[in-house]
Amino acid sequence: MSSSTFDLSERLEDFAAAIIVLFDKKPSSFAGEYLAKQLIRSSCSSALNYGEALGAGTNKDKINKLRICLKELRESLRNLNIQTKSKLVSEENVRPLKDENDQLIRIIVTRIKNIG
């Protein structure tokens, strides 16, 4: 495993962990709880699917897993945007997460393009 692959795995895991830490306390509204749970699922799924991509047997399978990872990262970003627009979380609290999420999306897109 190359160091760049390890670094991306680590970044995806760190991103998911940061989401979990941010939403460790139960939100006070139905919408907040719903979005927090979904965000935890999508952020963790991106890291898990990247791990699956690393073990893919074919380039087609690897691209498919990376596309799932990308989809989950995009879902995470939309979720963070919805939560900030609805004032469920403050922009100040999630700005670093949104920045990292955007960078991860760009990296995964580049990986997909380099394989295909």
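Glu-91 is partly exposed, since its relative accessible area comes to 33%. Salt bridges with shared partners tie Glu-91 into one network with Arg-95, Lys-98 and Asp-99. Keep in mind that you're looking at a predicted model. The chain's mean pLDDT is 92, and 94% of its residues reach 70 or more. Here's a quick tour, topic by topic.

**How confident is the prediction?**

- pLDDT is the predictor's confidence in each residue, on a scale from 0 to 100.

**Salt bridges within a helix**

- Side chains of opposite charge can pair when their charged atoms come close.
- How many salt bridges does a search of the whole structure find? The search turns up 7 salt bridges.
- Back to Glu-91: its side chain meets that of Arg-95 in a salt bridge, at 2.4 Å from N to O.
- Arg-95 and Glu-91 are 4 residues apart in helix H4, so about one helical turn separates them.
- Arg-95 is partly exposed because its relative accessibility is 37%, which falls between the 20% and 50% cut-offs.
- Now look at helix H2, which spans residues 30-54: Glu-33 and Lys-37 sit 4 residues apart there, so they too are separated by about one helical turn.
- Glu-33 and Lys-37 form a salt bridge, and their closest N and O atoms are 2.9 Å apart.
- Glu-33 counts as partly exposed because its relative accessible area is 22%.
- Lys-37 is also partly exposed, with a relative accessibility of 44%.

- Arg-11 and Glu-100 bring their side chains together in a salt bridge of 2.8 Å, N to O.
- Where do these two partners sit in the chain? Arg-11 is in helix H1 and Glu-100 is in helix H4 (residues 91-115), so the pair links distant parts of the chain, 89 residues apart.
- Is Glu-100 buried or exposed? Glu-100 is buried, because its relative accessible area of 18% is under the 20% cut-off.
- Arg-11, on the other hand, is partly exposed at 27% relative accessibility.

- Leu-8 is another residue of helix H1.
- Leu-8 counts as buried because its relative accessibility is 3%.
- Leu-8 is 100 residues away from Ile-108 in sequence, yet their C-alpha atoms are 9.2 Å apart in space.
- Asp-99, one of the residues in the salt-bridge network, has its place in helix H4.
- Asp-99 is partly exposed, with 36% relative accessibility.
- From C-alpha to C-alpha, Asp-99 and Leu-77 are 9.3 Å apart in space, and in sequence they are 22 residues apart.

- Which residues form the negative surface patch? Asp-7, Glu-10, Glu-13 and Asp-14 make it up.
- Glu-10 belongs to helix H1, which runs over residues 3-22.
- Why does Glu-10 count as partly exposed? Its relative accessibility is 32%, so it lands between the 20% and 50% cut-offs.

- Most residues other than glycine have a negative phi.
- Lys-87 has a phi near 65 degrees, which is a positive value in a residue other than glycine.
- Where is Lys-87 found? Look in the loop between H3 and H4.
- Lys-87 is exposed because its relative accessibility of 71% is over the 50% cut-off.

Terms used. Residues are numbered from 1 along each chain as its sequence is written. This is a predicted model: local features need pLDDT of at least 70, side-chain atom pairs count only at pLDDT 80 or more; totals for chains, interfaces and linings use all residues. Side-chain values use heavy atoms; hydrogens and water are left out. Patches are made of residues with over 30% relative accessible area and no salt bridge: like charges are joined within 9 Å, nonpolar side chains (Val, Leu, Ile, Met, Phe, Trp, Tyr) within 5 Å. Accessible areas come from the Shrake-Rupley method with a 1.4 Å probe; for residues, only the protein chains shown count as cover. A salt bridge is a side-chain nitrogen of Lys or Arg within 4 Å of a carboxyl oxygen of Asp or Glu. Lys and Arg count as positive and Asp and Glu as negative; His and the chain ends are not counted. The place of a charge is taken as NZ of Lys, CZ of Arg, CG of Asp or CD of Glu. Helices (H or I, at least four residues) and strands (E, at least two) are DSSP runs, numbered from the N terminus. Buried means under 20% relative accessible area, exposed over 50%, partly exposed in between (1.4 Å probe, protein chains only).
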